[in-house]
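Please take a moment with the sequence and the model below before reading on.

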Amino acid sequence: MFRLTRPLFNQVRKTTTGITGLNIHHDPLPELKKTYESTLSLLSSIPEASVYRQGVEALTQRKLHIVQGVNGDAAEAEKQLEEGHIEESINIAQDELNLVSRMIEWKAWEPLEEKPEPGQWQYFGKTATAS
């Protein structure tokens with residue numbers, strides 16, 4: 001009986017991502033939820049008027065809502081997040097968390113230290129407005 005159930009067990013249990021260097025995470029949803037919550041917490045130290053904060057906050061809240069709504073079903077989370085394997089979603093979330101830390105360090109929302117050269121933001125005959 002064990003010989004018959006083993007192949008069925010392997011079909012249900014994910015054993016590899018098929019991507020070199022991307023290992024299986026055996027409990028991905030709590031890790032993903034924790035990373036999204038950390039990102040949202042860190043974003044609160046960036047001014048609300050920052051376009052970066054607004055964009056990342058909206059995207060992260062959407063992803064967190066998906067993770068909370070799948071009731072522990074990693075396959076459903078993969079499908080709804082549309083980022084490939086759930087392990088890839090964890091990597092993306094960790095990269096975004098690291099980028100938020102760097103953006104805080106760089107203070108990217110502050111005005112430029114030097115005024116741009118005339119025409120610097122002009123491409124293909126179109127003028128862009130930058131503040």
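Helices (H or I, at least four residues) and strands (E, at least two) are DSSP runs, numbered from the N terminus. This is a predicted model, in which local features need pLDDT of at least 70 and side-chain atom pairs count only at pLDDT 80 or more, while totals for chains, interfaces and linings use all residues. Residues are numbered from 1 along each chain as its sequence is written, and side-chain values use heavy atoms, with hydrogens and water left out.

A nonpolar core is a set of buried Ala, Val, Leu, Ile, Met, Phe, Trp, Tyr and Cys residues joined through side-chain atoms within 4.5 Å, where buried means under 20% relative accessible area, exposed over 50%, and partly exposed in between (1.4 Å probe, protein chains only). The largest such core has 19 residues, of which Leu32, Tyr36, Leu43, Tyr52 and Leu81 touch the most other members. At least two residues of this core come from each of α2 (28–43), α3 (51–69), α4 (74–81) and α5 (86–106).

After α5 comes lysine 107, whose phi is positive, near 50 degrees.

Where does leucine 112 lie? Leucine 112 is in the loop between α5 and β1 (122–123), and it counts as exposed because its relative accessibility is 57%.
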